[in-house]
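Hi everyone, thanks for coming. I'd like to walk you through one structure today, so let me put it up on the screen.

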2 protein chains.
Amino acid sequence: MKTNLDCIPCFLDQALRAGRIYTDDKKLLKQILDEVATILPDVPLDHKPPETGDLIYKKIKKITKTQDPLKSVKRKSTEEALELFPLYEKKLKAIESQEKKLLFAIKLAIAGNIIDFAVEDEFDIKKDVDEVLNKELAINHIEKFKKELEKAETILYIADNAGETVFDRFLISELDHKVLYVVRDEPVINDATREDAKAAGIDELATIIESGSSSPGLLIKNTTSEFKKLFQKADMVISKGQGNFEGLSEEDRPIFFLLKAKCEVIANHLGVSKDDIVLKAINI
Amino acid sequence: MKTNLDCIPCFLDQALRAGRIYTDDKKLLKQILDEVATILPDVPLDHKPPETGDLIYKKIKKITKTQDPLKSVKRKSTEEALELFPLYEKKLKAIESQEKKLLFAIKLAIAGNIIDFAVEDEFDIKKDVDEVLNKELAINHIEKFKKELEKAETILYIADNAGETVFDRFLISELDHKVLYVVRDEPVINDATREDAKAAGIDELATIIESGSSSPGLLIKNTTSEFKKLFQKADMVISKGQGNFEGLSEEDRPIFFLLKAKCEVIANHLGVSKDDIVLKAINI
């Protein structure tokens, strides 16, 4: 996805909101805003938003000399999500139809996506999860999803946030395939790293791998050559969340995107309304 | 008022929203964002927001080669407000108590302040006016206002937006004093100029004057020496709207501010909630 004019003020807004997670020093926050403002004129509109996100978070980390300020918050998100796990596991098990089960697991995986500090400061996981579960998918490519799943052997599952990782377990279980679960190499806001995925119990269901990229939205050009091969060869790619959509939506291989549209720009781009949930296939 | 960290992303957001009023050329809009982003690191936090607003609107005008894109929209706002005038005039006349009449006129003048393109794109004047009239003043310095009014001869009334000018007539009539009505020297967004004030019929009730400043919020340092004298000597100063508050709130003379708090920064600064209405006196 390309950068929209509306993304540009939003980058500065994100820099401030994220900066406040890393520091409360007003001088450092002003420095973050100044340095991010300085790079904005060099952002061409054909860049993908996570390319700029990457520069922003690198600046924030450098200026605040802080690498992982949400370490404890991410752990707490995971713990809270784990507490809710049995409740939704029971609901999932109670569904008899395999088709409805898969749809519910997809919705659970999308619902986990509400755990996102970059967009919202406060959240009540349970309430928000139920709200998402009560929605219909505004784009629903589940038929394509099922067809690809039937043929697939290896699935690349590109993770989004810590905490959300717990809700990915429902879908990974339902997929019942060999899954490679792709996390960020280094902490960036609350995006899931290997540590977060393990804390969620993903390692019991899938193989956790890094891609070489730590931008807040996977950018294939930044990944290792090994990952690039995996990305091309995988029978099926599932991408979680808005950031990964921004990074991957112009790739030329089939990808299934599971996300909640958290801003107007993404919603317009997808032709849905803000806060809609989506299962969108590309190149199929 | 000083610049808050939150004002900085907002400047860029305002530049885009205002830019879109001046042009729909994507390249020009990107140029506006780039040039505004470039000046942001030079904005110290002790600057008043309208100082930056001034730079932003000058850039927008220069880049788009457009001086007054809202000329026709301002005229329409004024016409719509004039259509509503008899309705509220009747309501005002129906009030018997002089005290209640003054309060109602103050609220009407504040209600006119909802006509603001810089903050909201769409509005329904009548509905929004009634909503404001139904609110209580979150800061109500009317006793001080009445006391000063009793002693005053000349009143400096610093105008805000076109259209709002129509609603200022109610208050100017109630004041029943010699009023100098201060407008912007040049068009800046939908701020009132002499033309807009005349179209609202202000010239029948007050003397319209310019200050020498056309920033979207009066900055005394940019005014003529003649205006500076008037500002110091006036028995009473009434300032309308958020922009003028941002420009004048640190002046050391008594001023009455009539406004609706349209953003969190202003609301926090005033100790009220967003969308609250305020009659605030300073230095008295």
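Let me begin with a term: pLDDT is the predictor's confidence in each residue, on a scale from 0 to 100. We need it here, since what you see is a predicted model. For chain A, the mean pLDDT is 93, and 97% of the residues reach 70 or more. There is one stretch to flag, though: over residues 118-122 of chain A the pLDDT is below 50. That stretch has five contacts in the model beyond near neighbours in sequence. As for the model scores, the ipTM is 0.87 and the pTM is 0.89.

Now to the two chains. How is chain A laid on chain B? A turn of 180° does it, with a shift of 0.0 Å along the axis, and the RMSD comes out at 0.0 Å. The two copies are therefore related as by a two-fold rotation axis. If you want to find that axis on the screen, look for Ala37(A): of the residues of chain A, Ala37(A) comes closest to it, with its C-alpha at 2.5 Å.

Next, the interface. Here 17 residues of chain A are in contact with 17 residues of chain B. On the side of chain A, the elements that give two or more residues are helix H1 (7-22) and helix H2 (26-39). H2(A) gives the most, with seven residues. Sorted by class, this side of chain A has 11 nonpolar, one polar and five charged residues. And 100% of the interface residues of chain A are also interface residues in chain B, so the copies meet through the same surface.

Finally, let's look inside chain A, at a helix pair. Two packed helices are described by the angle between their axes and the distance between the axes. For helix H5 (residues 98-111) and helix H8 (residues 164-175) of chain A, the angle is about 155° and the axes are 7 Å apart. Angles over 145 degrees count as roughly antiparallel, and H5(A) and H8(A) are therefore roughly antiparallel to each other. The crossing of H5(A) past H8(A) is left-handed. Which residues of H5(A) and H8(A) make the contact? H5(A) brings residues including Leu102(A), Ala105(A) and Ile106(A), while those from H8(A) include Phe167(A), Phe170(A) and Leu171(A). By class, the contact of H5(A) with H8(A) has nine nonpolar, no polar and three charged residues.

Technical notes:
Residues are numbered from 1 along each chain as its sequence is written. Chains are lettered from A and ligands numbered from 1 in the order in which they are written. This is a predicted model: local features need pLDDT of at least 70, side-chain atom pairs count only at pLDDT 80 or more; totals for chains, interfaces and linings use all residues. Axes are lines fitted to C-alpha atoms, for helices over the stretch in contact, and angles run from 0 to 180 degrees between N-to-C directions. Helices (H or I, at least four residues) and strands (E, at least two) are DSSP runs, numbered from the N terminus. Angles under 35 degrees count as roughly parallel, over 145 as roughly antiparallel, 65 to 115 as roughly perpendicular and the rest as oblique. A crossing is left-handed if the near helix is turned anticlockwise from the far one by less than a right angle, and right-handed if clockwise. Two residues are in contact if their C-beta atoms, placed from the backbone, lie within 7 Å. Ala, Val, Leu, Ile, Met, Phe, Trp, Tyr, Cys and Pro count as nonpolar, Asp, Glu, Lys and Arg as charged, and the others, Gly among them, as polar. Copies are superposed by least squares on the C-alpha atoms of residues with pLDDT of at least 70 in both.
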